[in-house]
Amino acid sequence: MILLDIIKSNFGNLSDGSQIFKYKLINNSGSFVSIINYGGIITEIFVPDKEGKLENVVISLPDPKKYENNDCYFGAAVGRIAGRISNASFKIEDDIYVLEKNSGKHSLHGGLKGFSRVIWDVKEVKDTDFVGAELSFFSKDMENGFPGNLNVKVLYTFNNNNELNIKYTAAADKKTIVNMTNHSYFNLCGDYKEDILSHYLTINADKVLELDQDLIPTGNILSVAGTPFDFRNAKMVGADINKEDTQLKNGHGYDHPFILNKDKDTEISLYDKRSGRLLEIATDQKSVVLYTGNSITNDFTLYNGVKSRDRLALCLETQYYPDAVNQKNLPSNILIPGEIYTAATTYRFKVL
Ligand code: BGC
């Protein structure tokens, strides 16, 4: 019998020589999830198909240097703010904060050296039916332009039911904004045998945020009914992706925040018929950004030699509404000193 375990190993070095460690969380059926201390990146998730064969279901790169400053944000813990802050600035009370522009005139995924590009402290966690890694980072006041010293933690746990839980917490000493997500690119075929267009996706969302050509919310909230954005019943990811539709054109595919209905435990599911793998996602967050890997470049050789390409995998980024601090129609998400930001998402891997 395989025992629940954490195996720490050397994952190589960043270009400045920093040594990076991998923490492999193995459950008692041999499934495993690996996390590195650079960017809190999930580098691999090996779970069984319907025949019991363990294969990787996320995009994996073989070397930490390949993850460095990677514009695809493969597997990363994204923060302080996931998604775009319009015009790379925001206001809290009378103070205007200016961020780095790294997506045209906007700021994306916390700026040039956001949480996905820093080294985290790691504490191993063990219990009777799960193993985990608790990552901590101290983000200084005005780092990347954000106000307030922020103590942030990301707790990854993997249990004997093939459930990966990610819990984020953060506390600041000044009013600030925090919205974190995980940027794993899922492909349930296992080892990327096919792209994700034939995966079946369900998102329990009646509404989606309309985006402009820069992928910034316009302020309009659209009904998904009768549009390519209706995933309320399982639908192939590729079924409507090439339809004539302004929103799909703006996103070069799906790159949109769906507003979760919040009336079911599992609001998102992804299924690959051939392998029988099913991923169910439960979250306490208000939205999920479906990003269908529309701009994965061909520059990467994945861990098993497969070349990266568009639509090879997709992200389901559970999070608070993007750009909320600048959006009049959305409630803001200012974190106040003394309060604790929390967000939790569970990824359940099953077979059908
Ligand atoms: C964003 C995309 C972006 C991608 C990679 C996603 O979360 O929504 O617009 O291209 O990350 O950076």
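Predicted model: local features only at pLDDT ≥ 70, side-chain atom pairs only at ≥ 80, totals over all residues.
## Around the ligand

The space that the ligand takes is the largest pocket.

## Polar contacts and burial

Let us look at some side chains that face oxygen atoms of the ligand. In D255, a side-chain N or O atom is 2.5 Å from an oxygen atom of the ligand. For H183, the distance from a polar side-chain atom to a ligand oxygen is 2.7 Å, and for E317 a side-chain N or O atom is 2.8 Å from an oxygen atom of the ligand. How much of the ligand does the protein bury? Taken alone, the ligand exposes 310 Å², and the protein buries 90% of that.

## Backbone details worth a look

Y73 sits in the loop between helix 1 (64-67) and strand 6.

If you check omega angles, please stop at the peptide bond from G79 to R80: this bond is cis, with omega near -10°. R80 belongs to the loop that links strand 6 (77-78) and strand 7 (84-85).

An open sheet of 9 strands, with antiparallel pairing, runs in the order 11-12-13-14-27-23-22-17-20. Which strands stand at its edges? They are strand 11 (121-126) and strand 20 (235-236); each has a single partner strand, so one side of each is left without a neighbour in the sheet.

At the strand 20 end, the pairing with strand 17 (residues 200-203) is antiparallel and covers 2 bridges. Here L201 has K235 of strand 20 as its bridge partner.

## A hairpin

Strand 8 (residues 89-92) and strand 9 (residues 95-98) also pair in the antiparallel sense, over 4 bridges. S89 has V98, in strand 9, as its bridge partner. The two strands form a hairpin with 2 residues between them. In the turn, E93 has a positive phi of about 50°.

Key
Residues numbered from 1 in each chain as written. Heavy atoms only, no water. Polar contact = N/O pair within 3.5 Å; in protein donor to acceptor, adjacent residues only side chain to side chain. Areas by Shrake-Rupley, 256 points an atom, 1.4 Å probe, with all protein chains shown as cover. 1 Å grid on protein atoms, 1.4 Å probe; cavity = no way out; pocket = protein on both sides within 12 Å on 5 of 7 lines; lining within 4 Å. Sits in = over half its atoms within 2 Å of the grid points. Pairing = 2+ DSSP bridges.
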